[in-house]
Every structure is written in C-alpha cells, then in structure tokens.
Amino acid sequence: MASPSCASTLPWTAAASSPSSAFSSPIRLQTRRAPSLVIVAQGRVKKYRQVILKDDIDEISGKKGDTMKVRAGFYRNFLLPKGKATLLTPDVLKEMQVEQERIEAEKKRVKEEAQQLARVFETIGAFKVPRKGGKGKQIFGSVTAQDLVDIIKSQLNRDVDKRLVEVPEIREVGEYVAEIKLHPDVTAKVRLTVYAK
C-alpha cells in the first residue's frame with residue numbers, strides 16, 4: 001500500500017500548503033516582557049538619629065526634654081519600644097517651641113504678679129505689730145515669720161508662705177524691715193512697727 005503524502009493528510013488549503021506562501025508572511029510572536037526592577041539609591045543609612053527624650057535616660061546622661069543625637073540602633077531597639085524618646089521632626093520641633101513660649105509667658109506672668117505684690121508691700125506703709133511690753137523698750141517674746149504672715153492675711157487678705165518670710169530678730173519695740181521672697185528674682189521689703197500694748 002502506498003503511503004499517503006504529507007500534503008494529503010494535512011487539512012491545509014492549496015494556497016497555504018505551498019512552500020512559498022507559508023514563509024512569505026512570517027508569524028510574529030508577541031511576548032510580554034517582565035517589568036524591570038528599578039533600584040533607587042537612597043544614600044547611606046543614617047547611623048545617628050536626632051531625638052527628644054520623654055524620660056531621664058541614665059545610659060546617655062539625658063534629662064527629660066533634652067534633644068540628643070543617639071545611635072539609630074539604640075533608638076530603634078531601646079528608646080522607641082519603651083516610649084522614652086521621639087524623633088525630632090519639624091512638627092515635634094514646632095510643638096516644642098510653642099510649649100516653650102507658653103512656659104516663658106507663664107514665668108513672665110508669675111514674675112510680674114510678684115513685682116506687683118512687692119510694690120503693694122513696699123507702698124502700704126508699716127505693719128503694726130502689738131506686743132506685751134516689758135522693762136523699757138523690751139517686749140515679751142519675739143516677732144516671728146508666722147506673726148507677719150497672720151498680719152498680712154488679716155490686713156490684705158493675701159496668703160504668704162511663712163518659709164519665704166525672713167524676719168530680723170526682734171526683742172524690743174521699734175521699726176524693722178522684713179523680707180519676703182516672692183519670686184527667685186523678686187524680694188519685697190516689708191516695714192514693721194513693733195509697739196508695746
């Protein structure tokens with residue numbers, strides 16, 4: 001039996017089966033290329049971080065509120081997980097400045113109040129302190145800081161801490177000057193007139 005020819009077994013048309021027509025228009029295969037990996041250089045890894053401390057840290061001798069430059073690993077592995085520091089970003093820096101301005105304004109207000117109270121004490125005249133008299137100018141007992149605090153409370157309706165009052169040693173009638181430390185920068189001089197009753 002004769003073997004059938006290749007041409008008769010293939011279901012091609014006569015035009016497609018001719019060798020000249022099969023290769024006259026080459027088949028173009030479209031292949032998709034995989035997206036290429038793009039590497040962006042980020043520069044060198046930061047070895048240090050600028051942080052603001054939320055707590056006192058003995059390991060770096062830092063106090064709460066200090067801004068310090070610490071190793072990135074120390075920040076990442078110790079300070080950040082324990083909530084002991086925050087990165088110093090422009091927003092955090094702005095918050096710090098606002099808080100610092102508020103603190104400075106409060107300090108200024110307290111100092112102005114102390115200066116105003118010092119002027120009141122110095123212009124009011126002498127506080128009269130009655131004491132039981134002894135021989136001559138001597139008095140029984142002495143005038144203490146608590147005595148002055150009580151007189152200020154009764155006459156001016158102002159509370160003053162007796163630990164801030166410095167009274168000279170008073171053992172006889174006469175004029176004296178006591179000092180009241182109203183603020184680290186403001187000391188009021190208060191005149192006392194001690195008389196025998």
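## Close-ups of a predicted model

**View 1. The loop holding N157.** N157 sits in the loop that links α6 and β5. This is a predicted model, so treat each view here as a prediction. The phi angle of N157 is near 55 degrees, which is a positive value in a residue that isn't glycine. For background, most residues other than glycine have a negative phi. Is N157 buried or exposed? N157 is exposed, because its relative accessible area is 60% and the cut-off for exposed is over 50%.

**View 2. An open sheet of four strands.** Here four strands make an open sheet, and their order is β4-β7-β6-β5. The pairing in this sheet is mixed. Which strands stand at the edges? They are β4 (127–131) and β5 (165–166); each has a single partner strand, so one side of each has no neighbour in the sheet. In general, strands of a sheet pair through backbone hydrogen bonds, either parallel or antiparallel.

**View 3. Strands β6 and β7, side by side.** Now follow β6 (residues 174–183) and β7 (residues 186–196): they run antiparallel, with nine bridges joining them. To get from β6 to β7, the chain takes a hairpin through two residues.

**View 4. Two helices packed on the sheet.** Helix α5 (residues 90–123) packs on the sheet and touches β4, β6 and β7. The direction of α5 makes about 25 degrees with that of β7. Helix α6 (residues 145–156) packs on the sheet too, touching β4, β5, β6 and β7. For α6, the angle is given against β4, and it comes to about 125 degrees.

**View 5. Where β5 meets β6.** How many bridges join β5 to β6? There are two, and the strands run antiparallel.

**View 6. Two stretches named by UniProt.** An unreviewed UniProt entry places a "coiled-coil region" at residues 93–120. In the model, residues 93–120 are 100% helix and 0% strand, and the C-alpha atoms at the ends are 41 Å apart. UniProt also lists residues 62–89 as "domain: Ribosomal protein L9", again in an unreviewed entry. Over residues 62–89 the chain is 29% helix and 29% strand, with end C-alpha atoms 19 Å apart.

Technical notes: Residues are numbered from 1 along each chain as its sequence is written. This is a predicted model: local features need pLDDT of at least 70, side-chain atom pairs count only at pLDDT 80 or more; totals for chains, interfaces and linings use all residues. Side-chain values use heavy atoms; hydrogens and water are left out. UniProt positions are given in the numbering used here, feature names are shortened, and annotations may be inferred rather than shown by experiment. Two strands pair if DSSP finds at least two bridges between them. Contact means heavy atoms within 4.5 Å. Axes are lines fitted to C-alpha atoms, for helices over the stretch in contact, and angles run from 0 to 180 degrees between N-to-C directions. Buried means under 20% relative accessible area, exposed over 50%, partly exposed in between (1.4 Å probe, protein chains only).
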